[in-house]
Amino acid sequence: MMASGVHPDHNVFPSVLKSSTLLVDLRFGESVHACIVRLGFHLDLYTNNALMNMYAKFQSLYMSTCDEFYGLEVSGGHKIYVHEVLDGIPERNGDGQSKSVLVSCNEPNTDYRKHGFEESVLGSDDNGNLHCVELPCSDGARHVNEGSCAKTNNGRRLQMDSVRKVFEQMPTRDLVSWNTVIVGFARSGLFEEALKMVREMGNANLKPDSFTLSSVLPIFAEYVDVIKGKEIHGYAIRQGLDTDLFIGSSLIDMYAKCTQVEDSQRVFGLLPRRDGISWNSIIAGCVQNGMFDEGLKFFRQMLLAKIKPRHVSFSSIMPACAHMTTLHLGKQLHGYIIRNGYDDNVFIASSLVDMYAKCGNIRLARCIFDKMELHDMVSWTSIIMGHALHGYALDAISLFEQMEEEGVKANSVAFVAALTACSHAGLIDKAWSYFNSMTRNYGIVPGLEHYTAVADLLGRAGKLEEAYEFISSMHIRPTGSIWSTLLSACRVHKNVELAERVAEKIFMTDPDNTGAYILLTNVYSAAHRWKDAVRLRIHMRNKGLKKTPACSWIEIKNKVHAFAAGDESHPCYNKTNEALNVLLERMEREGYVPDTKEVLHDVEEEQKKYLLHYHSERLAIAFGIISTPDGTTIRVIKNLRVCGDCHTAIKFISKIVHREIIVRDNSRFHHFKNGKCSCGDYW
DNA sequence: ATAGGGTTAG
């Protein structure tokens with residue numbers, strides 16, 4: 001059209017700009033922008049709105065490829081967002097050891113010095129929300145590394161500056177103009193600037209509409225600020241917008257991210273109409289809050305409502321299968337995923353890798369991982385954690401190294417996986433090197449998970465005092481759960497004195513911790529301190545604390561079977577029992593001597609043997625053996641730690657029946673084959 | 001010309 005000499009009118013440019021947006025062609029868009037200015041259409045409302053939309057889309061596209069955009073997690077659920085590295089600001093010390101960075105935090109009045117930044121050199125900027133602080137770049141720079149800043153600097157803000165410039169030179173602005181800018185800021189993580197625009201919009205006598213609200217709500221979801229989120233909800237109700245489909249799903253998501261799933265459900269229940277996204281918001285909301293059954297229930301209801309699951313639905317629901325270790329469900333979903341051609345999606349593939357690993361099939365997990373075209377940090381982390389979970393520490397470590405070679409930068413979760421691998425294999429030196437490198441070179445602040453992995457490792461390796469010191473010197477308050485890992489190590493290494501000290505720590509914050517009582521009782525029994533063991537049992541009974549019976553599950557032909565010691569309700573109980581007796585006889589002939597030390601002393605020795613032998617995992621294994629004569633792998637899911645005697649017993653069983661037996665306890669899978677376990681005697 | 005939901009963590 002231009003070549004033929006016809007002059008474009010103001011209707012042309014919005015379409016052309018939309019094309020450059022969809023073609024992801026920034027340079028073309030910029031030349032169209034030049035053309036607009038040259039022809040004098042830069043005062044046209046629609047054209048300007050389209051221009052801003054284009055620049056904002058490029059900005060969010062850039063942000064979605066930039067992992068560091070979310071910034072740094074600091075304690076208490078807060079995050080520091082690194083916005084950009086400022087050039088041209090004189091370094092205070094002049095020794096090249098610091099860099100000025102623009103940051104903000106979702107916690108007001110943050111003392112950045114606490115998080116490894118030097119004191120603020122400029123204070124807040126004119127927005128009142130961004131802070132210019134100095135980042136020491138020496139070895140002491142624990143919280144940000146230069147790489148993340150440099151990457152951030154390349155694209156961050158540049159396109160949003162263009163949006164702002166267009167916005168400022170507009171003669172008139174309508175709701176769409178404001179909404180476009182607000183969405184742009186919100187999706188680029190410049191939350192405070194987005195909120196500031198909402199306030200200014202009110203000053204310009206424009207009322208936020210459904211577009212505004214559904215763009216602003218995700219900010220409060222990210223901030224985990226349910227108070228502000230509720231204010232928006234209230235405003236939506238007053239405007240009669242609370243049943244809007246878009247606002248509805250952002251409300252569901254906001255409440256769920258603030259752990260108030262009941263409110264999510266209420267909002268969902270009041271929606272007059274539901275599409276795939278509203279369904280997915282409620283499903284994801286349940287799953288993210290650990291309500292797996294509820295999530296599955298909604299997933300089924302969605303299918304019944306004839307809403308076709310979208311690819312997002314699968315990555316939302318898969319973690320439910322992973323956590324509940326329902327392999328048959330996961331497999332069914334996998335089938336659906338393949339039939340719909342969703343299997344090339346990174347989110348879905350990663351969730352499948354995780355699901356198969358958690359359900360005990362690391363080979364399939366690896367197979368899916370190897371078939372993926374692109375590996376991102378999450379898929380790497382899933383497969384590393386999978387190998388760690390199965391005790392294949394060396395594979396996990398070599399995968400971690402491969403990840404780094406391919407230029408994928410580890411984040412704090414990836415380090416949890418690496419440290420967990422080390423912990424399960426007793427690789428102390430390797431673990432320390434990861435831990436130190438993480439804090440020094442990656443700027444990651446160790447969280448509870450990292451500390452737990454290291455403490456667990458030290459404990460398992462018998463370095464009990466060192467573990468005690470390590471936990472005591474953490475920069476965050478130790479929780480009952482991290483002390484529990486040490487208590488359990490005290491049981492393994494039979495250290496009564498330390499066990500008492502550790503249990504004391506646990507009871508200080510959680511006097512009703514049943515697990516801790518049981519562990520301590522076991523320690524006393526193993527040390528023949530019967531009186532103490534009994535005293536503790538009586539104390540527990542007086543407090544009304546009951547031991548939850550150990551339970552094991554096994555999946556045979558798509559059906560889950562549960563076994564608990566002393567529970568005779570399974571239809572095949574008698575046959576299972578018989579099989580177990582035959583097994584015990586053969587085991588004893590092979591040299592198995594039951595370790596009855598931790599069983600209560602007031603039981604006859606012969607009876608102790610049987611109490612031990614009718615442990616839930618052995619019932620499940622016996623059932624697995626008689627139900628699958630074809631010799632396939634037996635996979636048992638157990639809800640407690642596999643104790644020392646179980647470990648020995650299952651080794652014998654695997655040798656006698658010549659089968660691979662995989663047993664999962666709370667923390668990992670043990671692979672038994674030919675009388676050996678993948679984790680050796682190091683359990 | 002503008003809007004909402006997803007994968008990894010003892």
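**Chat: rings, helices and cysteines in chain A**

Visitor: What does K297 lie over?
Guide: K297 lies over the face of F298, 5.6 Å from the ring centre. The test for a charge over a ring is NZ of Lys or CZ of Arg within 6 Å of the ring centre and within 35 degrees of the ring normal.

Visitor: And what is the numbering and the source here?
Guide: Residues are numbered from 1 along each chain as its sequence is written, while chains are lettered from A and ligands numbered from 1 in the order in which they are written. This is a predicted model, where local features need pLDDT of at least 70, side-chain atom pairs count only at pLDDT 80 or more, and totals for chains, interfaces and linings use all residues; side-chain values use heavy atoms, leaving out hydrogens and water.

Visitor: Back to charges. Where does R173 lie?
Guide: R173 is over the face of F167, at 4.6 Å from the ring centre.

Visitor: How many aromatic pairs in the whole structure?
Guide: The search finds 22. Rings of Phe, Tyr and Trp (its six-membered ring) pair if their centres lie within 6.5 Å; planes under 30 degrees apart are stacked, over 60 edge-to-face, and the rest tilted. One of them is F314 with Y342, a tilted pair at 5.7 Å centre to centre with 50° between the planes.

Visitor: Which parts does that pair tie together?
Guide: F314 is in helix α14 (residues 311–324) and Y342 is in the loop between α15 (327–339) and α16 (346–358), so the pair joins parts 28 residues apart in sequence. Helices here are DSSP runs of H or I with at least four residues, strands are runs of E with at least two, and both are numbered from the N terminus.

Visitor: What kind of pair do F400 and Y434 form?
Guide: F400 and Y434 are edge-to-face, at 4.9 Å centre to centre and 70° between the planes. F400 sits in helix α19 (residues 393–405) and Y434 in helix α21 (residues 428–441), so this pair ties together parts 34 residues apart in sequence. Both F400 and Y434 are buried.

Visitor: Which rings form a cluster?
Guide: Ring pairs link F299, F314, Y336 and Y342 into one.

Visitor: New topic. How many disulfides?
Guide: The search of the whole structure finds zero, a disulfide being a pair of cysteine sulfur atoms within 2.5 Å.

Visitor: What about α31, how far does it reach?
Guide: Helix α31 (residues 644–657) has 14 residues and reaches 20 Å from its first C-alpha to its last, close to the 20 Å expected at 1.5 Å a residue. The expected span is 1.5 Å times one less than the number of residues.

Visitor: How many of its residues are buried?
Guide: In α31, 12 of the 14 residues are buried, so the helix is largely enclosed by the rest of the structure. Among them are C646, H647, F652 and V657. Just after α31, H658 takes a positive phi of about 50°.

Visitor: And α6, which residues are buried there?
Guide: They include W178, N179, I182 and F185. Helix α6 (residues 175–187) has 13 residues and reaches 18 Å from first C-alpha to last, close to the 18 Å expected at 1.5 Å a residue. G189 follows α6 with a positive phi near 80°.

Visitor: Where is D354 found?
Guide: D354 is in helix α16 and is buried, with a relative accessible area of 18%. Leaving aside neighbours within four places in sequence, D354 is in contact (heavy atoms within 4.5 Å) with A322 and S382.

Visitor: Which residues is G459 in contact with?
Guide: With neighbours within four places in sequence left aside, G459 is in contact with L464, A467, A489 and H493. G459 is found in helix α22 (residues 448–460) and is buried, at 0% relative accessible area.

Visitor: Last one: how many helices and strands in chain A?
Guide: Chain A has 31 helices and 11 strands. Of its 683 residues, 52% count as buried.

Notes
Buried < 20%, exposed > 50% of the residue type's maximum accessible area, 1.4 Å probe, protein only.
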